[in-house]
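Welcome! Take a look at the picture, then read on.

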Amino acid sequence: MAKIAIIGSGISGLTAANLLKDYADITVFEKAQSVSGRMSTRRAEPYFFDYGAQYFTARTGPFKKFIQPLVNSGVIERWNARYVKFDSDKITERKAWGDADNEPRYVGVPSMNIIAKHLAMNLDVKLNTRIVTLRHVGKWQLFSEQSLLYDGFDWVISTAPSHQTADLLPIEFQYHNEIKDVQMQACISLMLGFSEPLHLEFDAAHITNSDLSWLAVNSNKPGRSGPYTLLVHSSEKYAEEHLDADRDEVLKHLCYETSRIIGCDVSGSEYKMIHSWLYANNVDRTKCPVFFDQGMQLGACGDWCLGGRVEGAYTAAYNLVEKIKESVL
Ligand SMILES: Cc1cc2nc3c(=O)[nH]c(=O)nc-3n(C[C@H](O)[C@H](O)[C@H](O)COP(=O)(O)OP(=O)(O)OC[C@H]3O[C@@H](n4cnc5c(N)ncnc54)[C@H](O)[C@@H]3O)c2cc1C
(Lines give C-alpha, C1' and ligand atoms only; values in the text may rest on other atoms or scores of the structure.)
Protein backbone atom coordinates (compact mmCIF):
# COMPACT_ATOMS: atom_id res chain seq x y z
CA MET A 1 0.00 0.00 0.00
CA ALA A 2 1.29 3.49 -0.83
CA LYS A 3 2.20 5.67 2.14
CA ILE A 4 0.88 9.26 2.06
CA ALA A 5 1.67 12.19 4.36
CA ILE A 6 -0.97 14.90 4.61
CA ILE A 7 0.03 18.23 6.15
CA GLY A 8 -2.84 19.97 7.93
CA SER A 9 -5.98 18.74 9.69
CA GLY A 10 -8.50 21.33 8.54
CA ILE A 11 -11.47 20.26 6.43
CA SER A 12 -9.26 19.88 3.35
CA GLY A 13 -6.62 17.64 4.96
CA LEU A 14 -9.17 15.48 6.78
CA THR A 15 -11.30 15.14 3.66
CA ALA A 16 -8.30 14.00 1.63
CA ALA A 17 -7.33 11.57 4.41
CA ASN A 18 -10.81 10.04 4.56
CA LEU A 19 -11.15 9.72 0.80
CA LEU A 20 -7.72 8.06 0.53
CA LYS A 21 -7.65 5.86 3.61
CA ASP A 22 -8.97 2.74 1.86
CA TYR A 23 -6.29 3.01 -0.83
CA ALA A 24 -3.20 4.11 1.10
CA ASP A 25 -1.57 4.25 4.51
CA ILE A 26 -2.26 7.82 5.67
CA THR A 27 -0.54 9.97 8.30
CA VAL A 28 -1.86 13.49 8.98
CA PHE A 29 0.50 16.08 10.51
CA GLU A 30 -0.96 19.03 12.41
CA LYS A 31 1.00 21.83 14.05
CA ALA A 32 -1.82 22.78 16.45
CA GLN A 33 -2.85 20.90 19.56
CA SER A 34 -6.14 19.82 18.02
CA VAL A 35 -7.71 19.25 14.62
CA SER A 36 -9.98 21.63 12.65
CA GLY A 37 -7.77 24.54 11.48
CA ARG A 38 -9.93 27.50 10.60
CA MET A 39 -13.10 25.68 11.68
CA SER A 40 -11.94 25.85 15.29
CA THR A 41 -13.87 26.50 18.48
CA ARG A 42 -12.35 28.48 21.39
CA ARG A 43 -13.12 27.08 24.82
CA ALA A 44 -13.02 29.69 27.59
CA GLU A 45 -15.35 28.02 30.10
CA PRO A 46 -18.17 28.68 30.52
CA TYR A 47 -17.95 30.40 27.12
CA PHE A 48 -17.51 28.79 23.69
CA PHE A 49 -16.82 30.58 20.40
CA ASP A 50 -16.67 29.41 16.80
CA TYR A 51 -14.02 32.00 16.08
CA GLY A 52 -13.12 30.96 12.51
CA ALA A 53 -15.72 29.71 10.02
CA GLN A 54 -19.22 30.76 11.09
CA TYR A 55 -21.43 28.62 8.90
CA PHE A 56 -21.29 27.08 5.45
CA THR A 57 -23.42 26.48 2.41
CA ALA A 58 -23.59 23.31 0.27
CA ARG A 59 -23.97 23.96 -3.45
CA THR A 60 -22.13 21.12 -5.19
CA GLY A 61 -23.13 17.45 -5.51
CA PRO A 62 -20.13 15.83 -3.77
CA PHE A 63 -20.28 18.25 -0.81
CA LYS A 64 -24.05 17.79 -0.42
CA LYS A 65 -23.47 14.02 -0.44
CA PHE A 66 -20.67 14.39 2.13
CA ILE A 67 -22.72 16.43 4.62
CA GLN A 68 -25.92 14.35 4.37
CA PRO A 69 -24.87 11.56 6.81
CA LEU A 70 -23.55 14.21 9.21
CA VAL A 71 -26.88 16.02 9.00
CA ASN A 72 -28.68 12.70 9.57
CA SER A 73 -26.59 11.98 12.67
CA GLY A 74 -26.97 15.50 14.10
CA VAL A 75 -23.30 16.51 13.75
CA ILE A 76 -24.41 19.22 11.32
CA GLU A 77 -27.61 21.25 11.58
CA ARG A 78 -29.22 23.97 9.57
CA TRP A 79 -28.85 27.41 11.20
CA ASN A 80 -32.16 29.22 10.78
CA ALA A 81 -30.78 32.52 11.98
CA ARG A 82 -32.59 35.84 12.09
CA TYR A 83 -30.26 37.63 9.68
CA VAL A 84 -29.73 41.33 9.04
CA LYS A 85 -27.45 43.52 6.96
CA PHE A 86 -25.97 46.64 8.51
CA ASP A 87 -24.74 49.64 6.54
CA SER A 88 -22.63 51.11 9.34
CA ASP A 89 -25.11 51.26 12.26
CA LYS A 90 -28.30 51.14 10.12
CA ILE A 91 -30.12 47.89 9.39
CA THR A 92 -30.87 47.82 5.64
CA GLU A 93 -32.21 44.28 5.18
CA ARG A 94 -33.80 41.53 7.26
CA LYS A 95 -34.18 37.85 6.39
CA ALA A 96 -35.08 34.62 8.13
CA TRP A 97 -32.54 32.04 6.95
CA GLY A 98 -35.06 29.36 7.86
CA ASP A 99 -37.49 30.48 5.14
CA ALA A 100 -37.97 28.04 2.28
CA ASP A 101 -36.70 30.55 -0.32
CA ASN A 102 -33.38 30.95 1.51
CA GLU A 103 -30.35 28.76 0.83
CA PRO A 104 -29.64 26.52 3.86
CA ARG A 105 -26.75 27.62 6.11
CA TYR A 106 -25.17 24.84 8.16
CA VAL A 107 -23.13 24.67 11.39
CA GLY A 108 -21.48 21.92 13.42
CA VAL A 109 -23.38 20.95 16.60
CA PRO A 110 -22.62 21.72 19.39
CA SER A 111 -19.59 23.52 17.92
CA MET A 112 -17.95 24.07 14.57
CA ASN A 113 -14.90 21.92 15.40
CA ILE A 114 -17.06 18.80 15.91
CA ILE A 115 -17.00 18.25 12.14
CA ALA A 116 -13.21 17.93 12.05
CA LYS A 117 -13.22 15.82 15.21
CA HIS A 118 -15.71 13.51 13.55
CA LEU A 119 -13.59 13.27 10.39
CA ALA A 120 -10.42 12.62 12.39
CA MET A 121 -11.84 9.53 14.12
CA ASN A 122 -9.88 6.43 13.09
CA LEU A 123 -7.14 8.46 11.39
CA ASP A 124 -3.50 8.64 12.43
CA VAL A 125 -3.19 12.37 13.24
CA LYS A 126 0.09 13.59 14.74
CA LEU A 127 -0.83 16.73 16.70
CA ASN A 128 1.64 19.41 17.86
CA THR A 129 3.78 18.46 14.87
CA ARG A 130 4.74 21.36 12.64
CA ILE A 131 6.46 20.09 9.50
CA VAL A 132 9.31 22.40 8.58
CA THR A 133 11.29 20.55 5.90
CA LEU A 134 10.70 17.96 3.20
CA ARG A 135 13.48 15.94 1.62
CA HIS A 136 13.37 13.31 -1.11
CA VAL A 137 15.72 10.38 -0.58
CA GLY A 138 14.13 7.58 -2.61
CA LYS A 139 10.95 8.36 -0.68
CA TRP A 140 9.76 11.56 1.04
CA GLN A 141 11.12 12.40 4.45
CA LEU A 142 9.38 14.97 6.67
CA PHE A 143 11.12 16.80 9.50
CA SER A 144 9.19 18.41 12.34
CA GLU A 145 10.02 21.56 14.28
CA GLN A 146 11.20 19.28 17.10
CA SER A 147 13.68 17.72 14.61
CA LEU A 148 11.78 14.43 14.50
CA LEU A 149 12.04 12.52 11.23
CA TYR A 150 9.02 10.86 9.58
CA ASP A 151 10.21 8.65 6.76
CA GLY A 152 9.17 6.52 3.79
CA PHE A 153 6.28 8.44 2.21
CA ASP A 154 5.44 7.87 -1.45
CA TRP A 155 3.31 11.00 -1.64
CA VAL A 156 3.04 14.26 0.30
CA ILE A 157 -0.04 16.50 0.18
CA SER A 158 0.05 19.97 1.75
CA THR A 159 -3.23 21.57 2.81
CA ALA A 160 -1.64 24.51 4.66
CA PRO A 161 -2.66 28.02 3.50
CA SER A 162 -1.14 28.99 0.14
CA HIS A 163 1.95 30.87 1.36
CA GLN A 164 2.76 28.22 3.94
CA THR A 165 2.35 25.50 1.30
CA ALA A 166 4.67 27.42 -1.06
CA ASP A 167 7.27 27.74 1.74
CA LEU A 168 7.06 24.04 2.52
CA LEU A 169 7.03 22.38 -0.90
CA PRO A 170 10.24 22.46 -2.98
CA ILE A 171 10.53 25.14 -5.67
CA GLU A 172 10.73 22.36 -8.27
CA PHE A 173 7.09 21.50 -7.51
CA GLN A 174 5.27 22.15 -10.79
CA TYR A 175 2.79 24.65 -9.29
CA HIS A 176 5.10 26.35 -6.83
CA ASN A 177 4.91 29.86 -8.32
CA GLU A 178 1.20 29.68 -8.96
CA ILE A 179 0.52 28.76 -5.33
CA LYS A 180 2.91 31.41 -4.03
CA ASP A 181 0.89 34.03 -5.94
CA VAL A 182 -2.43 33.15 -4.24
CA GLN A 183 -3.04 36.05 -1.86
CA MET A 184 -4.89 35.47 1.40
CA GLN A 185 -6.37 38.16 3.63
CA ALA A 186 -6.31 38.61 7.38
CA CYS A 187 -9.19 38.85 9.85
CA ILE A 188 -9.38 39.61 13.57
CA SER A 189 -12.00 37.80 15.66
CA LEU A 190 -13.44 39.41 18.77
CA MET A 191 -14.97 37.06 21.35
CA LEU A 192 -17.33 38.45 24.00
CA GLY A 193 -18.92 36.42 26.81
CA PHE A 194 -21.76 37.82 28.95
CA SER A 195 -23.40 36.84 32.21
CA GLU A 196 -26.73 38.25 30.96
CA PRO A 197 -28.17 38.13 27.40
CA LEU A 198 -28.31 41.31 25.29
CA HIS A 199 -31.72 40.68 23.67
CA LEU A 200 -30.68 41.65 20.14
CA GLU A 201 -33.32 41.29 17.44
CA PHE A 202 -31.01 39.26 15.16
CA ASP A 203 -28.65 36.27 15.38
CA ALA A 204 -26.32 37.00 12.47
CA ALA A 205 -25.28 40.14 10.62
CA HIS A 206 -23.05 41.18 7.76
CA ILE A 207 -21.75 44.71 8.16
CA THR A 208 -20.43 47.21 5.60
CA ASN A 209 -18.93 50.70 6.04
CA SER A 210 -17.39 49.73 9.35
CA ASP A 211 -14.21 48.18 10.73
CA LEU A 212 -16.43 45.14 11.39
CA SER A 213 -17.66 42.72 8.74
CA TRP A 214 -19.69 40.16 10.70
CA LEU A 215 -21.42 39.70 14.04
CA ALA A 216 -23.15 36.60 15.39
CA VAL A 217 -24.85 35.61 18.60
CA ASN A 218 -22.73 32.48 18.88
CA SER A 219 -24.80 31.08 21.74
CA ASN A 220 -27.96 31.22 19.58
CA LYS A 221 -26.61 28.73 17.05
CA PRO A 222 -28.24 25.27 17.22
CA GLY A 223 -27.25 23.04 20.12
CA ARG A 224 -25.21 25.63 22.08
CA SER A 225 -25.95 25.34 25.78
CA GLY A 226 -23.50 27.83 27.37
CA PRO A 227 -24.12 31.43 28.41
CA TYR A 228 -24.63 34.35 25.99
CA THR A 229 -21.75 35.01 23.56
CA LEU A 230 -21.08 37.35 20.66
CA LEU A 231 -18.55 36.62 17.92
CA VAL A 232 -17.43 39.55 15.81
CA HIS A 233 -15.13 39.69 12.78
CA SER A 234 -13.20 42.74 11.73
CA SER A 235 -13.13 43.87 8.13
CA GLU A 236 -10.18 42.58 6.07
CA LYS A 237 -8.92 46.15 5.67
CA TYR A 238 -8.90 46.80 9.42
CA ALA A 239 -7.17 43.46 10.06
CA GLU A 240 -4.48 44.00 7.43
CA GLU A 241 -3.74 47.45 8.88
CA HIS A 242 -3.73 46.36 12.54
CA LEU A 243 -2.11 42.93 12.62
CA ASP A 244 0.92 44.34 14.45
CA ALA A 245 -0.95 46.98 16.46
CA ASP A 246 -1.22 46.96 20.25
CA ARG A 247 -3.67 44.15 21.10
CA ASP A 248 -5.39 46.05 23.91
CA GLU A 249 -6.02 48.98 21.56
CA VAL A 250 -7.44 46.64 18.89
CA LEU A 251 -9.69 44.95 21.46
CA LYS A 252 -10.90 48.32 22.73
CA HIS A 253 -11.61 49.60 19.23
CA LEU A 254 -13.48 46.47 18.12
CA CYS A 255 -15.59 46.62 21.33
CA TYR A 256 -16.32 50.29 20.71
CA GLU A 257 -17.32 49.60 17.09
CA THR A 258 -19.51 46.65 18.15
CA SER A 259 -21.32 48.84 20.71
CA ARG A 260 -21.82 51.56 18.09
CA ILE A 261 -23.24 49.16 15.49
CA ILE A 262 -25.64 47.27 17.75
CA GLY A 263 -26.53 50.30 19.90
CA CYS A 264 -25.69 48.52 23.11
CA ASP A 265 -22.57 48.89 25.29
CA VAL A 266 -20.52 45.65 25.28
CA SER A 267 -17.63 47.00 27.37
CA GLY A 268 -19.03 45.31 30.50
CA SER A 269 -18.81 41.79 29.05
CA GLU A 270 -17.24 39.27 31.41
CA TYR A 271 -14.96 37.72 28.79
CA LYS A 272 -13.17 39.64 26.03
CA MET A 273 -10.51 38.22 23.73
CA ILE A 274 -9.21 38.74 20.22
CA HIS A 275 -7.57 36.32 17.81
CA SER A 276 -5.69 37.41 14.68
CA TRP A 277 -5.88 35.22 11.60
CA LEU A 278 -3.05 35.96 9.21
CA TYR A 279 -4.55 33.79 6.47
CA ALA A 280 -8.33 33.92 6.87
CA ASN A 281 -9.73 34.13 3.41
CA ASN A 282 -8.88 34.65 -0.23
CA VAL A 283 -10.29 35.99 -3.43
CA ASP A 284 -13.31 34.08 -4.63
CA ARG A 285 -12.73 31.80 -7.60
CA THR A 286 -14.69 28.90 -8.95
CA LYS A 287 -12.04 27.23 -11.12
CA CYS A 288 -8.41 26.33 -10.64
CA PRO A 289 -6.07 23.53 -11.73
CA VAL A 290 -5.69 20.49 -9.51
CA PHE A 291 -2.27 20.97 -7.93
CA PHE A 292 -1.00 17.47 -8.62
CA ASP A 293 2.60 16.85 -9.65
CA GLN A 294 2.82 13.18 -10.59
CA GLY A 295 6.56 13.35 -11.31
CA MET A 296 7.45 14.69 -7.88
CA GLN A 297 4.64 12.81 -6.10
CA LEU A 298 3.41 15.99 -4.45
CA GLY A 299 -0.04 17.53 -4.21
CA ALA A 300 -1.58 20.60 -2.63
CA CYS A 301 -5.12 21.69 -1.86
CA GLY A 302 -7.09 23.93 0.46
CA ASP A 303 -9.80 26.54 0.43
CA TRP A 304 -7.42 28.89 -1.38
CA CYS A 305 -7.89 26.77 -4.53
CA LEU A 306 -11.61 27.39 -4.76
CA GLY A 307 -13.25 30.33 -3.11
CA GLY A 308 -11.84 30.50 0.43
CA ARG A 309 -14.78 28.71 2.04
CA VAL A 310 -15.51 25.42 3.79
CA GLU A 311 -17.12 23.97 0.67
CA GLY A 312 -14.16 25.15 -1.44
CA ALA A 313 -11.74 23.45 0.97
CA TYR A 314 -13.70 20.19 0.71
CA THR A 315 -14.03 20.39 -3.08
CA ALA A 316 -10.33 21.12 -3.62
CA ALA A 317 -9.45 18.00 -1.60
CA TYR A 318 -12.07 15.94 -3.41
CA ASN A 319 -10.72 17.02 -6.83
CA LEU A 320 -7.12 16.27 -5.85
CA VAL A 321 -8.01 12.80 -4.53
CA GLU A 322 -9.97 11.98 -7.69
CA LYS A 323 -6.89 12.90 -9.73
CA ILE A 324 -4.55 10.84 -7.54
CA LYS A 325 -6.87 7.81 -7.64
CA GLU A 326 -7.29 8.02 -11.39
CA SER A 327 -3.56 8.45 -12.06
CA VAL A 328 -1.66 6.39 -9.51
CA LEU A 329 -3.66 4.33 -7.03
C1 LIG B 1 -12.27 34.36 10.64
C2 LIG B 1 -12.74 33.39 9.59
C3 LIG B 1 -14.08 33.35 9.22
C4 LIG B 1 -14.51 32.45 8.24
N5 LIG B 1 -15.84 32.36 7.96
C6 LIG B 1 -16.27 31.41 7.08
C7 LIG B 1 -17.67 31.20 6.88
O8 LIG B 1 -18.51 31.81 7.53
N9 LIG B 1 -18.04 30.27 5.97
C10 LIG B 1 -17.13 29.50 5.27
O11 LIG B 1 -17.53 28.65 4.47
N12 LIG B 1 -15.81 29.66 5.49
C13 LIG B 1 -15.37 30.59 6.38
N14 LIG B 1 -14.04 30.75 6.62
C15 LIG B 1 -13.10 29.97 5.81
C16 LIG B 1 -13.00 28.54 6.28
O17 LIG B 1 -12.70 28.51 7.65
C18 LIG B 1 -11.90 27.88 5.49
O19 LIG B 1 -12.24 27.98 4.12
C20 LIG B 1 -11.66 26.40 5.79
O21 LIG B 1 -11.82 26.11 7.15
C22 LIG B 1 -10.25 26.09 5.31
O23 LIG B 1 -9.96 24.74 5.48
P24 LIG B 1 -8.54 24.18 5.00
O25 LIG B 1 -8.48 22.76 5.39
O26 LIG B 1 -8.33 24.55 3.57
O27 LIG B 1 -7.46 25.05 5.80
P28 LIG B 1 -7.19 25.16 7.35
O29 LIG B 1 -8.44 24.99 8.12
O30 LIG B 1 -6.41 26.41 7.54
O31 LIG B 1 -6.26 23.89 7.64
C32 LIG B 1 -4.87 23.91 7.42
C33 LIG B 1 -4.21 23.22 8.61
O34 LIG B 1 -2.83 23.08 8.34
C35 LIG B 1 -2.14 23.25 9.56
N36 LIG B 1 -0.74 23.56 9.19
C37 LIG B 1 -0.28 24.65 8.52
N38 LIG B 1 1.04 24.55 8.33
C39 LIG B 1 1.43 23.39 8.90
C40 LIG B 1 2.71 22.73 9.03
N41 LIG B 1 3.82 23.28 8.55
N42 LIG B 1 2.75 21.55 9.68
C43 LIG B 1 1.61 20.98 10.19
N44 LIG B 1 0.40 21.58 10.10
C45 LIG B 1 0.30 22.75 9.45
C46 LIG B 1 -2.89 24.38 10.25
O47 LIG B 1 -2.64 24.42 11.63
C48 LIG B 1 -4.33 24.03 9.90
O49 LIG B 1 -4.92 23.22 10.90
C50 LIG B 1 -13.58 31.60 7.62
C51 LIG B 1 -12.24 31.63 8.01
C52 LIG B 1 -11.83 32.50 9.00
C53 LIG B 1 -10.40 32.47 9.47
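The ligand lies between two domains, because domain 1 (1–33 + 127–182 + 289–329) and domain 2 (38–112 + 184–282) both give residues to the shell around it; the domain bounds come from an automatic or database domain assignment. Please keep in mind that this is a predicted model: local features need pLDDT of at least 70, side-chain atom pairs count only at pLDDT 80 or more, and totals for chains, interfaces and linings use all residues. Residues are numbered from 1 along each chain as its sequence is written.

Around the ligand there are 38 residues, of which Gly-8, Gly-10, Ser-12, Gly-37 and Asp-303 come nearest (near: C-beta atom, placed from the backbone, within 6 Å). Among the elements that give two or more residues to this shell are S14 and S18. The shell divides as follows.

| Class | Residues in the shell |
|---|---|
| nonpolar | 17 nonpolar residues |
| polar | 15 polar residues |
| charged | six charged residues |

Here Asp, Glu, Lys and Arg count as charged, Ala, Val, Leu, Ile, Met, Phe, Trp, Tyr, Cys and Pro as nonpolar, and the others, Gly among them, as polar.

Now for the sheet. Seven strands form an open sheet with mixed pairing, in the order S7-S6-S15-S16-S17-S14-S18. Strands are DSSP runs (E, at least two residues; helices are H or I, at least four), numbered from the N terminus, and two strands pair if DSSP finds at least two bridges between them. S7 (90–96) and S18 (271–282) stand at the edges with a single partner strand each, so one side of each is left without a neighbour in the sheet.

S14 (residues 184–193) and S17 (residues 229–234) run antiparallel, joined by five bridges. Gly-193 has Thr-229 in S17 as its bridge partner.
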